[in-house]
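Student: I'd like to learn how to read the features of this model, sheets included. Can you take me through them?

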Amino acid sequence: MSEPPLPLIPVSELRVGHFVLLDLGWMAHPFPRNHFRITSPRQIDTIRGLGLSRVRIDPARSEFDEAPANEPTPPGAPAAASPSDAAPDPAAEAAQARARALAEQRRTLALCERQYAEGTRRYRAVLDALAHDPLAAGEQARASIDAILAEMDTQGESAIRLLGDVQGERGAQHAMNVMVLSLLLGRAMGLAPPALQSLGVAAFLHDVGKTRLPDIVRFKDEAFTPAQLKAYQEHVAHGVALGRSMGLDATALLAIAQHHEAADGSGFPRGCAGSEMGAVSHILALVNRYDGLCNPPNPVRALTPHEALAHLFATQKARFDPPTLSAFIRMLGVYPPGSIVQLSDGRYAQVHAVNAARPLKPRVLVHDPRVPRSEALLLDLQATPDLSIQRSLRADQLPRAALDSLEPRPRYCYFFERALRVTQGAPEAAS
């Protein structure tokens, strides 16, 4: 015979000592587990802040240090004040609001990470299908891009979000990063839906030709011999041939063929001029280079997102189409997600989300020694007009405590989420 279900009680009746079982996913609440004995009133305030009206308890594992509140009041004792008679507790209300914000922050990050992981899984599935059914692989790639575009459309205005320390294969993560940033840039530049789909497919599959290379030349290395460099560059031709076998359209095939070309003619394999490159090709070539600087095969050579963007603008500007580069900088902001910064009040922070409408006012994770990283709320600089970013830093310029707290990523992985509503002031332009 099955055991009876555990009782549900109103959250307002929770007491220190109740053993609770939260019917929530682990990313939807701030506790280490979703079942535990309540040991402090602060935990009750946090549970209230999750927006639950009732919570499941286990009476057998509940332990109270004093009589439950619903026992009869002894004769002569003063009656306890009802909740409606009690004066509002500003500290409790603030704790509840913070708990709700923290739960929502964790929920949206978890959703982004799940969608990103699903994208990398689809990428691997496309490569697996390519070996035995190229046309089916092409259909899978187009379906994946259509799903991403539909999600972007439901978001309205999207913000670029830095993900956590995502585990996985580098090639799939590079494909996802380039695809997400390319589609966001294409939307910002007003590409029509057919061009956006071609851009997304080309970005997703731009390096598919590397699957035909020997391992020794699959990733570019500064120590390549001329023969190895030539073999590496052949991945472009392999990619175009595979794209044709998958039934990709002409715009996507051209972008794959030109994803290493440059506007000044210094790219490969043809060294074509910028006027010979399509708009989709310009976007893909730029985003591919940016992610290559942030996430190179050798992590020792990685640049921070701020350094990568500054490097592109300061030393490689001629390689890229000027309107495309300007739009990319406006979209990412001066301090792209992942950048380590120092705020105008001296605190250290990491940029986690950028809204293109307010590029100088991103959301940042601030180093606060009093708050564990797992409980830290992102600070929206848009809502703090008296606070700004003073400068960008490398990880090795941080004090040890700030470095341990902010945990700069070994890889930078991006997805998108709904942008916060601009509530004051006009949109800012990136300088």
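Tutor: Let's begin with a sheet: β1-β4-β2-β3 is the order of four strands that form an open sheet, with antiparallel pairing. At its edges sit β1 (8-10) and β3 (35-37), each of which pairs on one side only. From one strand to the next, the twist averages 40 degrees. Before we go on, this is a predicted model: local features need pLDDT of at least 70, side-chain atom pairs count only at pLDDT 80 or more, and totals for chains, interfaces and linings use all residues. Residues are numbered from 1 along each chain as its sequence is written, and side-chain values use heavy atoms, with hydrogens and water left out.

Student: What makes two strands a pair?

Tutor: In general, strands of a sheet pair through backbone hydrogen bonds, either parallel or antiparallel. Here two strands pair if DSSP finds at least two bridges between them. Strands themselves are DSSP runs (E, at least two residues), as are helices (H or I, at least four residues), and both are numbered from the N terminus. Take strand β2 (residues 19-21): three bridges link it to β3 in the antiparallel sense. Within that pairing, Phe-19 stands opposite Arg-37 in β3.

Student: And how many helices and strands does the protein chain have?

Tutor: The count is 12 helices and 11 strands.

Student: Which strands does β7 pair with?

Tutor: Strand β5 (residues 158-162) runs antiparallel to β7, with three bridges joining them. Ala-159 stands opposite Asn-355 in β7, and Ile-160 stands opposite Val-354. Strand β6 (residues 340-343) is also antiparallel to β7, again through three bridges, and here Ile-340 faces Gln-350. Then there is strand β8 (residues 363-366), which pairs with β7 in the antiparallel sense over four bridges; Ala-353 stands opposite Arg-363 in that pairing.

Student: What sits between β6 and β7?

Tutor: The two form a hairpin with four residues between them, and Gly-346 in the turn has a positive phi of about 95 degrees.

Student: How do I read burial?

Tutor: Look at relative accessible area: buried means under 20%, exposed over 50%, and partly exposed in between (1.4 Å probe, protein chains only). Of the 431 residues of the protein chain, 47% count as buried. Strand β7 (residues 348-355) has eight of its eight residues buried, so it is largely enclosed by the rest of the structure.

Student: Is β5 mostly covered or mostly open?

Tutor: Mostly covered, with five of its five residues buried. Ser-158, Ile-160 and Leu-162 are buried on one side, and Ala-159 and Arg-161 on the other, which leaves both faces covered. β5 also pairs with strand β11 (residues 414-418), antiparallel over five bridges, where Ser-158 stands opposite Arg-418.

Student: Arg-161 is listed as buried. What does it touch?

Tutor: Its relative accessibility is 2%. For contacts, look for heavy atoms within 4.5 Å. Not counting residues up to four places away in sequence, Arg-161 touches several residues, among them Thr-108, Cys-112, His-352, Leu-378, Cys-413 and Glu-417. There is also a polar contact of 3.2 Å between the side chains of Arg-161 and Glu-417. That term stands for a pair of N or O atoms within 3.5 Å; within protein, one must be able to donate a hydrogen and the other to accept it, and residues adjacent in sequence count only if both atoms are side-chain atoms.

Technical notes. Axes are lines fitted to C-alpha atoms, for helices over the stretch in contact, and angles run from 0 to 180 degrees between N-to-C directions.
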